[in-house]
Each structure stands twice: as C-alpha cells, then as structure tokens.
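Subject: Structure handover

Hi,

Here is the structure you asked about. Please open it alongside this email; my notes follow below.

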Amino acid sequence: MKNLPYLSPIKIREFIQAALLEDVGEGDHSTLASIPAEKIGKAQLLIKQDGVIAGLDLAKMIFEQFDPNLEVTLLLKDGYLVKSGDIGLIVEGSAASILTTERLVLNCMQRMSGIATKTHKLAQLIAHTKAKLMDTRKTTPNFRMMEKWAVVLGGGRNHRFALYDMVMLKDNHIDFAGGIQQAVASTRAYLADKKLDLKIEVETRNLEELEEALRVGGMDWIMLDNMDFATMRKAVEMVNGRYKLEASGGITEENLKDVAECGVDYISVGALTHQVQSMDISLKAF
C-alpha cells in the first residue's frame, strides 16, 4: 500500500465514512431491532471460489473504523491465491457491529477479488514477454482507488490514476487541436506555464500518425490504438526503443498473447475493471 500514492490513510478513511453513510444512514434498524446491544459475536470470512484474494486489509480498516473494539484477525494476505473453503479473516466483538459492516466489507472484497483474479489470469498469459498489463480509467465512480489497488494485487500495473497526474492526448484531443504537432506544442507550453512535471502520452491510430509523433517528439509514451498485429510490429520497429509503447483498444483474453508478442512495453485493458465478475465470498457467524 505504501508504494501506491493514491492510497493514503486519510483517503481510505474518507471512503469508508462515505460508504457507511450511504449504507447505514441513520441506523441499521434490522440489527438495532433484533440484536441486544451487549451481544458478542464471532464471524469468519469464507472464500467460496478459487482466485486471488483482495481487500482483506481494507476489510480490517472498515471493521475497526466503525467499531474500534472489534478484534480482526487476518488469516491470509492480500494478493494470495486462494481456494474455495479457505478462511480469510475472523472478526470478534459486538454482534451488532459485525452485522452492520458485513455488506460493505463483502461488497468491497467481492469486487476487488474479482478484479485481482482477472488481472492475475491475464498477466500470466503474457508473463513470457516484456509487456506489462495495465488498467485504465474505466472504473466505478468513487471506487477507483480500490479497483486500481486490486489490479496491483493481481499482478498488474496502474496507468494514470486520474486526469490530473498525466497528460494523455487521445484521438479527440488531437482532432480538436488540429493535429499531433499542435496538440503536443500546446501541451508543452501549458505544462511550462503551470510549472507541472507530468508525463505526456500521445495516441496514434496508424503508421502515418506514428511517423508524425516521432517527427514532433516531446512526449514520453506513444499509444498504438486498435492496430493489427502486422502494423503493431512495424510500429515497434519504427520506434526502436525511443519511447515506451502502449497497445490499447480491442484487447481481449483471446488476442492478448499475440499483442504482447509484437514487442510493446505495455498493454492497457479496460476490461480489468469494467467487465469483471465478483468473487463469491461470505461472512458467516460461528
């Protein structure tokens, strides 16, 4: 967590506070009505599907932020390969507190573990190449921090976190600006004026645009968008290591290996976060 700048303790606490407000509101009336306040309980997190577990550290933070008297014991670590039947953690203390926080813990862990599992699966497909798997900004509003955390736990890399930490000149930027040269020149002037030290990535859709980008220069990365394998291999040859190359667009589990073998440095896959099945996990009293 310490190597992920977007994961500060303050931001995590703010996320938990907002999520609890959304779910609990004025009170968990089901629990308040049926469970004595003094009742002590114990529950375990049951993993019911093989995959990569993610969100255990977050679960502990949720339990303890809601009720500091809850005792949480983590039995596994985030990023571990797990099997159906494994126990991730045990929580003990106020039964009411456990019941009220149960759904938030499960919602976070189920989605994060689904993302980590998918990321791990795809990363393994290209492990024999130099290409690294990356996420995108195609995330759930107000849950991006956790989804990108899950990608890292699954063995992937984070691309830019948001619009403010990197410049990405995509097709619409370039078209509105009047071309790659104009877009890059304006960007460099803007960054200099604002005294911002940000990486610049330029999207190219064909070899003609790539040639223009190489002629203009001034960027750090070049994106190869929706190029076929032959074109991508030619692009890698043209760049010859001068810039980091990212393949993007139309990347699927079926063609991922072929894309990686074209020689690109990174492959961004939006499906890591926007087309994922949550892991089956439950919290059971015992």
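First, a term: helices (H or I, at least four residues) and strands (E, at least two) are DSSP runs, numbered from the N terminus. Axes are lines fitted to C-alpha atoms, for helices over the stretch in contact, and angles run from 0 to 180 degrees between N-to-C directions.

This is a predicted model: local features need pLDDT of at least 70, side-chain atom pairs count only at pLDDT 80 or more, and totals for chains, interfaces and linings use all residues. Residues are numbered from 1 along each chain as its sequence is written, and side-chain values use heavy atoms, with hydrogens and water left out.

Helix 3 and its partners

Start with helix 1 (residues 9-24) and helix 3 (residues 56-66). They pack at an angle of about 65°, and their axes lie 10 Å apart. That makes helix 1 roughly perpendicular to helix 3. Angles of 65 to 115 degrees count as roughly perpendicular, under 35 as roughly parallel, over 145 as roughly antiparallel and the rest as oblique. The crossing of these two helices is right-handed. A crossing is right-handed if the near helix is turned clockwise from the far one by less than a right angle, and left-handed if anticlockwise.

Which residues meet here? From helix 1 come I12, R13, F15, I16, Q17 and L20; from helix 3 come L58, M61, I62, Q65 and F66. By class, the contact of helix 1 with helix 3 has eight nonpolar, two polar and one charged. Ala, Val, Leu, Ile, Met, Phe, Trp, Tyr, Cys and Pro count as nonpolar, Asp, Glu, Lys and Arg as charged, and the others, Gly among them, as polar. Contact means heavy atoms within 4.5 Å.

Helix 3 also packs against helix 4 (residues 95-125). The two axes come within 9 Å and cross at roughly 160°. That makes helix 3 roughly antiparallel to helix 4. This crossing is right-handed. On the helix 3 side are L56, L58, A59, I62, F63 and F66. They meet S97, T100, T101, L104, V105, C108, M109 and M112 in helix 4. The contact of helix 3 with helix 4 divides into 11 nonpolar, three polar and no charged residues.

Four strands form an open sheet in the order 3-5-1-12, with antiparallel pairing. Two strands pair if DSSP finds at least two bridges between them. Strand 3 (71-74) and strand 12 (281-285) are the edges; each pairs on one side only. The twist averages 15° from one strand to the next. Five bridges join strand 1 (residues 40-47) to strand 12, and the two run antiparallel. Q44 has K284 in strand 12 as its bridge partner. Helix 3 packs on this sheet, touching strand 1, strand 3, strand 5 (87-94) and strand 12. Its direction makes about 175° with that of strand 3.

Six strands form an open sheet in the order 6-11-10-9-8-7, and here the pairing is parallel. The edge strands are strand 6 and strand 7 (167-169). Neighbouring strands are turned by 25° against each other on average, direction ignored. Strand 10 and strand 11 (residues 266-268) run parallel, joined by two bridges. E246 has Y266 in strand 11 as its bridge partner. Helix 9 packs on the sheet, touching strand 9 (221-225) and strand 10. The direction of helix 9 makes about 165° with that of strand 10.

Single residues

Buried means under 20% relative accessible area, exposed over 50%, partly exposed in between (1.4 Å probe, protein chains only). Leaving aside neighbours within four places in sequence, Q110 contacts R103, S278, M279 and I281.

K130 sits in the loop between helix 4 and strand 6 (132-134). K130 is exposed, with a relative accessible area of 52%. K130 touches G263, V264 and D265, not counting residues up to four places away in sequence.

Most residues other than glycine have a negative phi. K195 has a positive phi of about 55° and is not a glycine. K195 lies in the loop between helix 7 (180-194) and strand 8 (200-204), and is exposed at 75% relative accessibility. N240 also has a positive phi, near 55°. N240 is in the loop between helix 9 (229-239) and strand 10 (244-248). N240 is exposed, with a relative accessible area of 63%.

Best wishes
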